[in-house]
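The sequence and structure are shown first.

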Amino acid sequence: MFSFAATVISVIVVRSGALEIVPALSTFAGALMLAVFAILLALCALVVIWFEGVAGAKQAIAALFIGLALIAYPAYLGIKAYRLPAIYDITTDPIDPPRFDAIARLRPRDANPITYAGLYAAEQQHTAYSDIEPDLTDSTAQESYDAAMKVITKRKWRIVDARQPQGGQPVANARAPQPAIRDGIIEAIARTPIMGFRDDVVVRIRATSDGARIDVRSASRYGRHDFGTNASRVRNLISDIDDVLALPQKPAPAPAPVKPQPGAKGPQAKR
């Protein structure tokens with residue numbers, strides 16, 4: 001029960017951000033170690049109860065189940081950590097990853113580097129998550145931006161910066177005035193379900209000749225291993241944006257008919 005209370009308190013502290021992340025995680029790790037110790041004591045107690053015939057089987061079984069319940073999810077993450085590469089930054093464009101600008105100024109000093117790790121991380125990402133690719137859509141850049149904003153707002157992520165796309169394709173004639181072109185950018189902070197870790201997300205919408213290209217980058221602030229969380233977030237975000245873009249667009253309302261003014265001349269007055 002003490003390990004259960006320590007685990008709950010550490011989760012509350014991490015989610016609230018009341019203390020630094022490292023001490024809070026140390027408390028969480030200590031609580032899990034106490035749970036493992038409680039499991040060992042419960043097993044020893046059951047052996048003694050079996051051979052000696054003394055009371056206490058219910059308490060030992062309860063302690064065993066509480067300990068197993070506490071370490072079940074961390075054990076699952078441990079299995080995922082063994083199978084997945086130790087990376088924490090996932091992007092659909094490893095060559096030109098979307099940049100964190102506004103979020104970079106908010107990150108604590110002890111957080112992971114804001115710069116993408118480069119070719120080594122890209123190779124590991126491609127091996128483990130080969131389906132993480134740019135989203136090429138025939139919708140316009142503005143429509144793609146609006147869809148991304150709708151999905152992010154629905155997920156209740158904290159939007160740090162949002163800039164709408166501007167302009168389109170450059171004019172083929174080099175001598176002609178070139179229109180101002182700007183990518184659409186959305187920077188937001190997402191949180192993991194249980195511990196509430198803050199992960200940073202940036203969405204870039206770039207106009208193409210056929211529509212728009214949507215690139216997403218998701219990075220964990222702490223830890224060298226994300227247990228596949230960022231890849232899942234990127235994958236689900238792109239899928240939800242595509243679902244919004246696939247919805248039929250509402251037609252624009254028809255303009256109201258112009259009523260002829262009294263004494264007006266012309267075809268309307270004659271009618």
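The sections below cover the basis of the model, the overall fold and the nonpolar cores.

## Basis

The model is predicted; local features need pLDDT of at least 70, side-chain atom pairs count only at pLDDT 80 or more, and totals for chains, interfaces and linings use all residues. Residues are numbered from 1 along each chain as its sequence is written, and side-chain values use heavy atoms, leaving out hydrogens and water.

## Overall fold

Seven helices and six strands are present in the protein chain, in the sequence order α-α-α-β-α-β-α-β-β-β-β-α-α. Helices (H or I, at least four residues) and strands (E, at least two) are DSSP runs, numbered from the N terminus.

Of the contacts (heavy atoms within 4.5 Å) with a separation of 6 or more, 66% join residues 24 or more positions apart. The accessible surface (Shrake-Rupley method, 1.4 Å probe) is about 17,000 Å², and carbon and sulfur atoms hold 62% of that surface. Buried residues (under 20% relative accessible area, 1.4 Å probe, protein chains only) form 35% of the 271 residues.

## Nonpolar cores

A nonpolar core is a set of buried Ala, Val, Leu, Ile, Met, Phe, Trp, Tyr and Cys residues joined through side-chain atoms within 4.5 Å. The largest has 30 residues, and Val-203, Val-216, Leu-237 and Ile-241 have the most contacts inside it. At least two residues each come from α4 (119-128), α5 (141-154), β4 (184-191), β5 (198-207), β6 (212-220) and α6 (229-246); α6 gives the most, with seven.

Not counting residues up to four places away in sequence, Ile-241 touches Ala-147, Ala-148, Val-151 and Ile-214. A second, separate core has eight residues, including Val-11, Ala-24, Phe-28 and Met-195.

Definitions and conventions:
Buried means under 20% relative accessible area, exposed over 50%, partly exposed in between (1.4 Å probe, protein chains only).
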